[in-house]
Structures are given as C-alpha cells and as structure tokens.
Protein chains: 2
Amino acid sequence: MVKFGIIGAGGISAAFAKAAAVTEGVQIAAVAAQDMKRAQRFAAEHRIPHAFGNYAQILSDRAVDAVYIGNTTNFHYNCIKMCLAAGKHVLCEKAMVETEAKAQECFDLARGKGLFLMEAMWSRFLPKTQKVRDWVLGGRIGNVTGVQATIGGCFDKDPGNRFYSPALGGGAMYDLGVYPIELIPYFTGLDITAYSAKVIRAATGVDESISLTLDLEGTPAHAMISFNAALPGDCWIYGENGCIKIPHFHWGSEAVLYGPDMKETEHFSQPEENGMRFEIAEAVHCITEQYSTSDIATPEMTITACRIYDSVLGKKKD
Amino acid sequence: MVKFGIIGAGGISAAFAKAAAVTEGVQIAAVAAQDMKRAQRFAAEHRIPHAFGNYAQILSDRAVDAVYIGNTTNFHYNCIKMCLAAGKHVLCEKAMVETEAKAQECFDLARGKGLFLMEAMWSRFLPKTQKVRDWVLGGRIGNVTGVQATIGGCFDKDPGNRFYSPALGGGAMYDLGVYPIELIPYFTGLDITAYSAKVIRAATGVDESISLTLDLEGTPAHAMISFNAALPGDCWIYGENGCIKIPHFHWGSEAVLYGPDMKETEHFSQPEENGMRFEIAEAVHCITEQYSTSDIATPEMTITACRIYDSVLGKKKD
C-alpha cells in the first residue's frame, strides 16, 4: 500500500483524490495547502486523515510515502526538491518544471536518492492512447508521414488566473503545449529531433497561442495550441496506408482508424470516468517495485518538453 | 460569345470541355495536342470543330479568342508566351509556372498587350468557397487564430507519370501545394507574409511530401501536402468564437460552421457536378469586359505561390 500526501488543494488535486479512491494499492494520508482552511475543507471532502496549512509539514508526516504535487507550475521545482530531500517519492503535475536544467536536476536528485519521480502525463496511460500506439507500431497505417493536432479553447483572460499570470507559471505552452509535445512522440513511437514555433503573446506577457512544428526523426508534426481559439482538440496521425483520428486527444476515450480511402476500419471506445487512475496505478507499481522512473512517462519525455519550452519561450532566469 | 481553344488533350482538358458545355457565353472552337490522333479523338468526343496536331497551329486559328492551357506544368510558361504573342487570352492550369520571375513576366506581357491571363484556380470560385469567405469576413468565428489543412493521397510512384517526373513538372508542391497556398489566404482574407517548409523528396527527386507553415499577417497556418499519405483533405479555420471545417477543401461542395463549443451552427451544402464552370464564367466575364486580370484569382495569388515554390524547392534554372 502506497500512502500519498497531496500538495495543493485545487481542482486537479480533487480529481487526483477521486481517482486514487478507486485505484488499488493507494491511500491518501494527508493534504497540504498554503491556507489551512482550504486544506481542512479538502480533507473533509475527500475523507483524508491529516490536513496541513503549509507544504513543509506534510513532509515530516511519516505516514506519507509519496507526494502528489498539484499546485501551479511556478511552485513545482521547489516542491519536488523539498519532497525528495524529505525522502518522499514524487508524482508532479504537468508542466513539471519550466526549464531543461531544472528537469535534469530533479531527475538526477531522485535517481541519486533511489526515489521515484514522474511527471503526471496521465494521457499516456489512457486505454485509447495504448490502442493508438498499438495501431501505429503494429503497422496499421503503414509508415507515419505526418501528424496534426489542436488543443485549446477560449480561456478567461483574467490576468490573475493561472492561465494568464506569469507569476503562476501561466501560458498556453505549459498548460496545453505539454500535451502534443509529450503525446505525439508516444502515439507514433518517434522521437522529437527538431522543432520550431511561432509564439503569440497576451498582454500579460504569457504565450497565448503557439503554432508548433515538430520534426519526428524526419516525419513532420504540427500542433496549434491556444488560450484564445475554439479548437476541436483532435489529433490526426497520417500514414501511407491510412490515418488515425484521436478526438480530444489528451483526455477522450475514443480513437478511430481509417483505411487509405478514409473509410472507417476500426473504432475504439472505452468510456472512462477516472482517467487519472491509470497514471496513479503506474506510480504505485513503480514505487512498489522500487523503480525510480517510469518506462511510459519517462524522464526523457519531460526533459525534451522542457528543452522545447526553454528554447521556444526564451530561457527563464532560475 | 468567347471562343476557346484547348491546348492539351488529357483528363483536365476533358473536364474543362464538359464544364464549358454547360456554361453560358463560351464555345470550344478547337483543340490541339502534340499527337494529332489524340487531338482528333478529343475533338470527336467533345464535338469540337477543329483539331490540331501541334500547339502552334491553334494560335493561327482566327476563330479562337482565348486558350485554355491544360497540359503539364513544364509546358505552361512557353505556351502562355506563345498564346499572348498570338493575341489570345489565356486561362492556364495550376500550377501556372514554377518561378516568380516567370509568373511576373507572363502577367506583365498580358497587361502590356491588353490580354486576359488567369491561373485556373477553380476552387476559389466554388459556391462553398464563397460561403466560407462570407462566414470569416462576416465575423462568424471572430478573429482567425489559425488554419490547418491536409491535401494528398497515395499516388502511383511510376517515375514516368506527371506526379513523379521532374521533366513533366512533377512534385506535390505544384500539383497539390498550390491549393492550400492559393485558397487559405482567400478563405481568411489574409495575405501570406512569411512561410517555411520541410520538404521530403522522392527517389526521382521531386518533392513527395511537404509540411508547409504559413504566416498570414501574424496568424499561423499549416498544411500537410503529400503524394504518399492517405490524408483526409480537410481545411479547418479556427477563430476566437468558433471554427469552420471545409471537407475536401479544394473541390468539395460542403462547409460546416461551428460555435465556440464545437456545436454545428450552420451546414452549407450545394452539390456541384461541374465545379470548373464557375472559373470559366469568370474568364468569360473578364474577357468580355476587357479586364486583363481577375479580382478573385489575382496575379498576386499566382505570383505569391510561385515565390513560395522558388524558395521552398530551390530556384529553378529558367
């Protein structure tokens, strides 16, 4: 049984707590927020035994084996280092950190201490994602010739929210861009070997929309990423003998395989209410087996994504 | 009544002859092919009074006011100059020519002689294209934030056919790339201000697939263009308040308008058997009115496309 503490008492932490409640081998032992009342409310709602009004206290709770970090991106780097220093395994929300140097440092630290660290790229563990990967790697569409994806919608332009605030690690790249960057290579089994981007910034200075071009070992991919456009959110994988449509590619439960004539060949559908439970199961499995990294949501996945953030958004001062 | 001669007796010329037969104000007076038998067969099939076994003869036929050039891209430049020199108006198949310099020279020549010259970008004249343009320019999806399109399929890799032969002006850019380059600016009312491309070449040396990124006055667009992939062929226009899907964007008769929630708001459908008749009607109108260019398929459209071919494929020796 792996006992998790939760850092951050927002919406994503609530989703985590709900998913953990229906996942075997995991318990939520404690929750910490910067505001004690928020932590207590969250604990009561999710029947969590301990609530803390600051992040440090949860780390001295000996009942806690691992920490799920669910606060905003700007806090992740310090929280990861604190957790690892306290001997806790870590599952950290995406985008894990902002720069390649920080990502590399965190994974080195975890490996050095024999602790588990994974970015919470839950979409890699969804059944439909595995199905798409099986189709592609099984040659069902022949050689992959290209990929196109969109992700985004019209977000509230409040400069104080996590989307538009630079101080909270806002911007479309960290919030949404992480998905095409970390999923497209996984769908296709191809590594990102080069990339370029056109970034359009909002008044607050965060990246509001991005046209991202990836080179996947010679195969081109393109993603439209946006806080200010009503995008369908599909990913299309094109091949010499057919193509695959993944509706709502980062969360949906469907995938459609087409033959070369665009005739539907296979339709995968497996509705899933708790998509996060698959990533939690992976974290529990890895921690139980004493692995310090996952073979599915790998350090390379996160480090490559951070390299792209660095390069496309301009190096951040650490 | 505008009397057309046809140069080239292939499939596209047959489509032109059929479309002309159902268009008012136009007659087909003659056809010329490099092979007299082919010309005669074509003339018999389409009830055309005169057939010629070489291109020069059709130009001395005084019954011919205008010439439709329907042979392969490699022949266009010389044919256009011959036709203009003979005082004939010209409607030339796409891609019109391979380089910006040739395109500029042809339009200058036509203007100097008071003759009409237009690239046969028939898709700009389709009712569904006009409907899409009305939606976008009428603000139905708000500010345009991005465009994605695909065009292509698995073509016969025979090095002797017009697709794969460098000598015949083959390659995916001239054959298919011309559509996103010339249609996306028209759909959106935005000019191409910058572009970049990743080109993958076939064994014969022609461009087999292209990942093309356009900058439309700051708005990004991306097109996947291919001779070796089963692509859906749709164009998506994304905006702040909704999006538009144009199935088979370069020939289809449908267009779908979605609201910000991806809910279908309007569905335009107008099945059309002779899509080319609209461009023919435009040519007839312009010639009758003594315009030397069209306001819809403009010289700028063709010159911009040729600039992109030049730059992306490498300058051609003239």
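How many salt bridges does the rule find across the interface of chain A and chain B? The count is 2. The model is predicted.

## Salt bridges and polar contacts

One salt bridge joins the side chains of B:K198 and A:D215, with 3.0 Å from N to O. Polar contacts between chain A and chain B number 10 residue pairs, both partners at pLDDT 80 or more.

Several strands line the side of chain A that touches chain B. β7, β8 (194-201), β9 (207-216), β10 (219-226), β11 (235-239) and β12 (242-246) of chain A each supply at least two residues. β7(A) gives the most, with 6 residues.

## Size of the interface

Chain A brings 32 residues to the contact, and chain B brings 31 residues. About 2,400 Å² is buried between the two chains. Carbon and sulfur atoms give 62% of that area.

Three residues stand out on chain A. A:Q148, A:M224 and A:A230 supply 22% of the area that chain A buries against chain B, more than any other three residues.

The same surface serves both copies, as 97% of the contact residues of chain A recur in chain B.

In chain B, 8 strands form an open sheet with mixed pairing. Their order is β8-β9-β10-β7-β11-β12-β13-β14. β8 (192-201) and β14 (264-269) of chain B are the edge strands, and each pairs on one side only. Neighbouring strands are turned by 10° against each other on average, direction ignored.

Strands β11 (residues 235-239) and β12 (residues 242-246) of chain B run antiparallel and are joined by 5 bridges. B:Y238 has B:C243 in β12(B) as its bridge partner.

Helices pack here too. Helix α6 (residues 127-137) of chain B lies across β7 (144-152), β11, β12, β13 (254-258) and β14 of chain B. The helix α6 runs at about 150° to β14(B). Helix α9 (residues 299-313) of chain B touches β8 and β9 (207-216) of chain B, and its direction makes about 45° with that of β8(B).

## A loop glycine

Where is A:G160 found? A:G160 is in the loop between β7 (144-152) and α7 (172-188) of chain A. Leaving aside neighbours within four places in sequence, A:G160 is in contact with A:S165 and A:L168. A:A85 is 75 residues away from A:G160 along the chain, and their C-alpha atoms are separated by 31 Å.

How values were computed: Residues are numbered from 1 along each chain as its sequence is written. Chains are lettered from A and ligands numbered from 1 in the order in which they are written. This is a predicted model: local features need pLDDT of at least 70, side-chain atom pairs count only at pLDDT 80 or more; totals for chains, interfaces and linings use all residues. Side-chain values use heavy atoms; hydrogens and water are left out. Contact means heavy atoms within 4.5 Å. Helices (H or I, at least four residues) and strands (E, at least two) are DSSP runs, numbered from the N terminus. Two strands pair if DSSP finds at least two bridges between them. Axes are lines fitted to C-alpha atoms, for helices over the stretch in contact, and angles run from 0 to 180 degrees between N-to-C directions. Buried area is the accessible area (1.4 Å probe) that two parts lose on being put together, summed over both. A salt bridge is a side-chain nitrogen of Lys or Arg within 4 Å of a carboxyl oxygen of Asp or Glu. A polar contact is a pair of N or O atoms within 3.5 Å; within protein, one must be able to donate a hydrogen and the other to accept it, and residues adjacent in sequence count only if both atoms are side-chain atoms.
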